[in-house]
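Please open the model in your viewer and keep the sequence panel beside it. The tour below moves from one selection to the next and says what is to be found at each stop.

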Amino acid sequence: MSLDKRAVPSGDKFQRKHFSDRLPFLPSLIAGLFRLLHRSCHISILGLEHEDAVKDFPGSKIVTCWHFAFPAVIYRYRDMDILTMVSRSRDGELAARVLKHLGVRCFRGSPGKGGSVALRALIENLESAIGGGFIADGSQGPARVAQKGILILARYTQAPILPVSMAASPCWRFRSWDRTVLAKPFSRIVMAFGPPIWVDREASSEKLEELRTALGDSLNKLSSDAENVLASAAGRV
């Protein structure tokens with residue numbers, strides 16, 4: 001049976017309409033389930049003194065993690081009006097609406113695509129927020145390879161970078177490029193914070209590369225630390 005094209009709406013107005021406009025309850029529902037899931041979990045923290053030190057900093061601060069860890073990190077900083085960056089894609093539209101219900105402010109776009117104008121807008125948004133949360137390996141990867149963008153942002157804003165990673169057991173691992181980790185209900189989550197990284201305003205390209213490597217090393221160590229704590233706890237059971 002062929003499809004009658006006359007039955008399919010067309011035109012820019014239809015094409016631009018996001019499916020969540022037709023399901024307005026969906027972002028709120030997803031956010032509510034996300035909260036409920038994490039509330040059922042037991043969460044323990046490593047390196048809390050590093051998070052406390054950055055919280056006491058009077059200006060903006062930047063929290064960063066590998067892409068795979070973002071669900072737990074979003075939950076940690078829910079309802080704080082922190083800033084994060086979300087793409088202008090259709091998937092990004094749904095994510096932005098869900099994050100709004102989680103009390104997270106979204107910057108739509110990417111400095112990599114918008115150049116200096118987008119970077120200036122991101123800096124202005126970050127400076128007006130209590131802080132920001134950004135992905136160290138970006139939205140496209142490669143996974144667990146830190147990119148320079150977050151260091152450039154820290155250099156311009158003079159905001160300290162707080163590295164954080166996590167592990168959960170039991171958990172779901174998505175079949176995505178980053179192998180996103182989502183804790184299962186009633187699981188144990190370990191979050192690990194590392195010493196903050198500061199980027200001097202006059203940092204050279206060579207120094208930025210050095211700090212990029214240091215950030216990646218820190219996040220990988222924190223990931224291993226969190227996994228080791230879970231493994232030790234499982235061994236004692």
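Predicted model: local features only at pLDDT ≥ 70, side-chain atom pairs only at ≥ 80, totals over all residues.

Throughout this tour, two residues are said to be in contact when heavy atoms of theirs lie within 4.5 Å. With the secondary structure drawn, the chain shows nine helices and seven strands, and buried residues make up 43% of its 237 residues. Among the contacts between residues at least 6 apart in sequence, 75% join residues at least 24 apart.

Next, select Met-166, which together with Ile-62 has the most contacts inside the largest nonpolar core, a set of 57 residues. Leaving aside neighbours within four places in sequence, Met-166 is in contact with Phe-68, Ala-69, Ala-72, Val-181, Ile-189, Val-190, Met-191 and Ala-226.

Is Ser-223 buried or exposed? Its relative accessible area is 1%, so Ser-223 counts as buried. The side chain of Ser-223 reaches the backbone oxygen of Leu-219 at 2.8 Å, and beyond four places in sequence Ser-223 is in contact with Trp-66, Phe-68, Arg-144 and Ser-165.

Now select Thr-180, in the loop between β6 (161-173) and β7 (181-193). Thr-180 counts as buried because its relative accessibility is 4%, which falls under the 20% limit. Its side chain makes a polar contact of 2.6 Å with the side chain of Asp-178. Not counting residues up to four places away in sequence, Thr-180 touches His-67, Phe-68, Phe-70, Pro-71, Trp-172, Arg-173 and Phe-174.

In strand β6, select Pro-170, which is joined to Ser-169 by a cis peptide bond with omega at about -10°. Another cis bond runs from Gly-141 to Pro-142, with omega near 5°, and Pro-142 sits in the loop between β5 (132-135) and α8.

Continue into helix α8 (residues 149-157), where Ile-150, Leu-151, Leu-153, Ala-154, Arg-155 and Thr-157 are buried. The helix is followed by Gln-158, whose phi is positive, near 60°, and which lies in the loop between α8 and β6. Gln-158 is partly exposed, with a relative accessible area of 28%. Phe-186, in strand β7, likewise has a positive phi although it is not a glycine, here near 65°. The relative accessible area of Phe-186 is 69%, so this residue counts as exposed.

Finish at the second largest pocket, which holds about 160 Å³ of space. Its lining consists of Glu-51, Val-54, Lys-55, Lys-61, Val-63, Tyr-77, Met-80, Ile-82, Ile-130, Gly-131, Gly-132 and Leu-162. Which helix gives the most to this lining? Helix α4 (residues 48-55) does, with three residues.

Definitions and conventions
Residues numbered from 1 in each chain as written. Heavy atoms only, no water. Helix = DSSP H or I, 4+ residues; strand = E, 2+ residues; numbered from the N terminus. Buried < 20%, exposed > 50% of the residue type's maximum accessible area, 1.4 Å probe, protein only. Core = buried A, V, L, I, M, F, W, Y, C linked by side-chain atoms within 4.5 Å. Polar contact = N/O pair within 3.5 Å; in protein donor to acceptor, adjacent residues only side chain to side chain. 1 Å grid on protein atoms, 1.4 Å probe; cavity = no way out; pocket = protein on both sides within 12 Å on 5 of 7 lines; lining within 4 Å. Points joined across faces, edges and corners; volume = space filled by probe spheres on them.
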